Amino acid sequence: MTQTLNIVGGGLAGSEAAWQAARAGAKVVLHEMRPATGTFAHQTGKLAEMVCSNSFRSDDDEQNAVGLLHWEMRQAGGLIMSMADAHRLPAGGALAVDREAFSAAVTEKLIHHPNITLQTTELKNLPGDGSWIIATGPLTSAPLGEALRAETGAEALAFFDAIAPIVYADSIDMEKAWFQSRYDKGETPQERTAYLNCPMDRDQYEAFIDALLAADKTEFHAGETAGYFNGCLPIEVMAERGRETLRHGPMKPVGLTNPHQPQVKPHAVVQLRRDNALGTLFNIVGFQTKMKYGAQAAVFKMIPGLENARFARLGGIHRNTFLNAPTLLDDRLRLKSRPNLRFAGQITGVEGYVESAAMGLLAGRLAVAEMQGRTLPPIPHVTATGALLHHITGGADAKSFQPMNVNFGLFPPVEGLRGGRRGRRDRYKAYTDRAKAAWLEWLAA
Ligand SMILES: Cc1cc2nc3c(=O)[nH]c(=O)nc-3n(C[C@H](O)[C@H](O)[C@H](O)COP(=O)(O)OP(=O)(O)OC[C@H]3O[C@@H](n4cnc5c(N)ncnc54)[C@H](O)[C@@H]3O)c2cc1C
């Protein structure tokens, strides 16, 4: 194979695509604009930087669709998963990682691979010929975004996610907070105590909701839409939907016992999760926000245990660029109008680190097979990877297309199983068993 595969964007998707292609024998040039040109969210020049949460979410490959996606990527020799496993932090049933060690390790692996050349370049125009994967993510640079808009004729959609704040551990009052994972979930003592909990009584909760509702929020720029992605709603938007919404969401008090007052059931609980291996930083779980910085500090210090909190990073809002994939991409992630350009990652309309990396894995494999003159069999729809791919390139309604997390709703039903809540465990197990068999068969082919 003499042709080179060019990959643009060294994020979660581009890094995985480069790894998969290089392993399969392709010569890869990975074009990443950082550190010469940055984005507002990335803070380093490293590859596969996690810009917000340090979690890859559930690692349960029997009962959870994202856990199944982890499994599929591990089976495919995925770099993102192997480095996440190597830099795992205790987080109950979730896969949380030490973000700095993780992205440093991905960078090392890629730059030392003999088939990969890393170039610090910003792609500003769409390339004419050759094999390309574009994985420039939700913060695709403006010139390339404009070039894509001109090529596709479609409006790139924009919406806002919000960044959760990070607190210094030594500023948390441990007379009030305590370590415990919900329902003491986890294999090891460390995992069973992966979260820091801050309890609230009814009055504290009501005062907190009032403060959230009254706080100064960041204004949207003219022409920007404020359509939030439901999986990542800012905390104050959740509060606007109803005073009890947070008690049923990130602040639910179930499965936790306050050792400082074991007889008193908290009315609500704020959870913080370890954000680095040293245990010096904790992020406030589910507290993405678009409150102004000054307001954030005041409101979050109302949380018992965080009265004297120091923030390593406050929350923020961000823009997300993605293609209308159902109309623009074929089922091999190629731009229909220019099949030498393949897309991967969040720009294809998937949402999340894991989903983005999974689309990178697929794009890398598909590109190499094509360069080698092979056609891979269709990616089975019953797998997590296939279900996502099918959704973005055909299953989703193009008119109302919004970024999608992997979930069992994207899977074709398994016939003959009990419906409803009671049958859920059996149903999910049947989905994951079926997916695993199909994925292994596809990989072998
Ligand atoms: C602020 C923010 C917070 C997020 N929080 C989370 C979260 O907590 N959990 C979660 O699962 N997902 C989160 N996401 C969504 C998404 O899953 C991640 O952004 C993920 O990193 C997407 O992977 P990607 O590879 O598609 O893009 P990225 O990881 O962003 O990688 C794209 C890369 O392309 C580079 N690039 C951009 N334009 C060019 C160009 N023209 N030429 C060359 N290089 C270019 C960028 O520098 C970047 O390195 C968040 C997104 C944002 C923006």
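Helices (H or I, at least four residues) and strands (E, at least two) are DSSP runs, numbered from the N terminus. By this scheme Arg57 sits in strand E3. The model is predicted: local features need pLDDT of at least 70, side-chain atom pairs count only at pLDDT 80 or more, and totals for chains, interfaces and linings use all residues. Residue numbers start from 1 along each chain as its sequence is written.

**Backbone geometry**
- Arg57 has a positive phi near 65° and is a residue other than glycine.
- Arg57 is buried (20 or more other C-beta atoms, placed from the backbone, within 10 Å of its own), because it has 23 C-beta neighbours inside 10 Å.
- Ala48, also not a glycine, has a positive phi of about 50°.
- Ala48 lies in the loop between E2 and E3 and counts as buried, with 29 C-beta neighbours inside 10 Å.
- The peptide bond between Arg34 and Pro35 is cis, with omega about 0°.
- Pro35 belongs to the loop between strand E2 (27–31) and strand E3 (55–58).

**Ligand shell**
- The ligand is surrounded by 36 residues, each with its C-beta atom, placed from the backbone, within 6 Å of the molecule.
- The closest are Gly9, Gly11, Cys52, Gly137 and Gly345.
- Two or more shell residues come from each of helix H1 (12–23), strand E8 (160–163) and helix H11 (353–371).
- H1 gives the most, with 3 residues.

**Helix packing**
- The axes of H11 and helix H12 (residues 384–395) come within 10 Å and cross at roughly 90°, where axes are lines fitted to C-alpha atoms over the stretch in contact and angles run from 0 to 180 degrees between N-to-C directions.
- H11 and H12 are therefore roughly perpendicular (65 to 115 degrees).

Terms used. Parallel < 35°, antiparallel > 145°, perpendicular 65-115°, else oblique. Buried ≥ 20, exposed ≤ 12 C-beta atoms within 10 Å, placed from the backbone.
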